[in-house]
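Student: I am new to this structure, and I would like to go through it step by step. Could we look at it together?

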Amino acid sequence: FYEDKEQTIIADLARYGRQSGILSFLRLITFLGAAGLIIGGYAANLPVLYFAGGAVFILFVVLCIVHGGIIEKVNYLNELSKVNASYIARIKGDFNELRNIAVKGLKRAEDIGSAKNRLYGKDFEVADHDYCADLDLFGKKSLFSLFNVSETSFGRKRFADSLLNNHISDITAGELKARQKAVEELCSKPEMLLDYQATARVGKMTKDPKVLLDFASEGTKTKAAANVLIVIGFALWLSVPVALIAFPEYAAAMVISCLILNFIIWLIGRAFNESYIKACEGMPNQVKTMLRLYSILENAGFENELNKSLVKGDDKSKGAYDLLKELNSV
């Protein structure tokens, strides 16, 4: 299955690569054409050339949007290729290939080291554990590196805990059998599992959301003074069209003044809301990615009740999917 999937991914990458090349060429042509028409219209004082240049520029923008979608598909397929190759390496028990896939495309020593740490799970080692070292739970050729497919910090921690048998006394025989049934259904959907992991990799889910969760639990709000400054910064721009009408000779100076004042306001606002910015940095992308992940689960057509509850929650609480939708709207 995975070898056939690899050939399909290679063919799709080649197809989208050709489309990307064509769109890159068309973007260049339309941009140069729009610039040439606008400059020609200015030189010849022909308004019709301005309108033609504007129309070509709109076409350029449309091509940029379409090209952006193609690039997203290429990025997804590249990550899907890595995930698929990892499954093949696991089946073969090829730890070296798993490492090569984990660091593929990385150039900075810091990024390579971080990728290896995520693969090996060395940070979860427990020195005085009964069997952690004996069974090689963590490390270069460990159970963790062979079986872990988590793409989030909390997923890796959850899997590490299960290997260490943390809180095993809390699991009943009935719950264990229910989990096995749920995993059996998951294993019957390899396409969904590949899509799920590749989507998470594209969203770069490696950042620990603890900072954001702590920030949210404290109920901290953005400073009122910073919010007032934002309104003032926006209001300043209203002076530009006024100057164009009433004092056209000062319009250019007004634009420069607004730029400088808004930059100062931005610096002040950043200082006021530093804790808010640090907490939320990178999180909108992760929230959107988690929404996509839950959407994949929702469309998987699960029949097992335990798998269904991953998305829908129980009768007493909202499902994670609904909660994430609310968070994304904020």
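Tutor: Gladly, and one term comes first: buried means under 20% relative accessible area, exposed means over 50%, and partly exposed lies in between (1.4 Å probe, protein chains only). This is a predicted model, where local features need pLDDT of at least 70 and side-chain atom pairs count only at pLDDT 80 or more, while totals for chains, interfaces and linings use all residues. Residues are numbered from 1 along each chain as its sequence is written, and side-chain values use heavy atoms, with hydrogens and water left out.

Student: How many helices and strands does the chain have?
Tutor: Helices (H or I, at least four residues) and strands (E, at least two) are DSSP runs, numbered from the N terminus. Counted that way, the chain has zero strands and 16 helices.

Student: Is histidine 67 buried or exposed?
Tutor: Histidine 67 sits in helix α2, which covers residues 47-92. Its relative accessible area is 4%, so histidine 67 is buried.

Student: Which side chains make a polar contact with the side chain of histidine 67?
Tutor: A polar contact is a pair of N or O atoms within 3.5 Å; within protein, one must be able to donate a hydrogen and the other to accept it, and residues adjacent in sequence count only if both atoms are side-chain atoms. Histidine 67 has such a contact of 2.8 Å with the side chain of serine 20. Another, also of 2.8 Å, joins histidine 67 to the side chain of arginine 27.

Student: Where is asparagine 45, and is it buried or exposed?
Tutor: Asparagine 45 belongs to the loop between α1 (2-44) and α2. Although asparagine 45 is not a glycine, its phi is positive, about 55°. Its relative accessible area is 62%, so asparagine 45 is exposed.

Student: What is the relative accessible area of aspartate 136?
Tutor: Aspartate 136 is in the loop between α4 (109-120) and α5 (143-147). Aspartate 136 is not a glycine either, yet has a positive phi of about 50°. Aspartate 136 counts as partly exposed because its relative accessible area is 42%.

Student: In which helix is leucine 267 found?
Tutor: Leucine 267 is partly exposed, because its relative accessibility is 41%. The helix that holds leucine 267 spans residues 251-272 and is α12.
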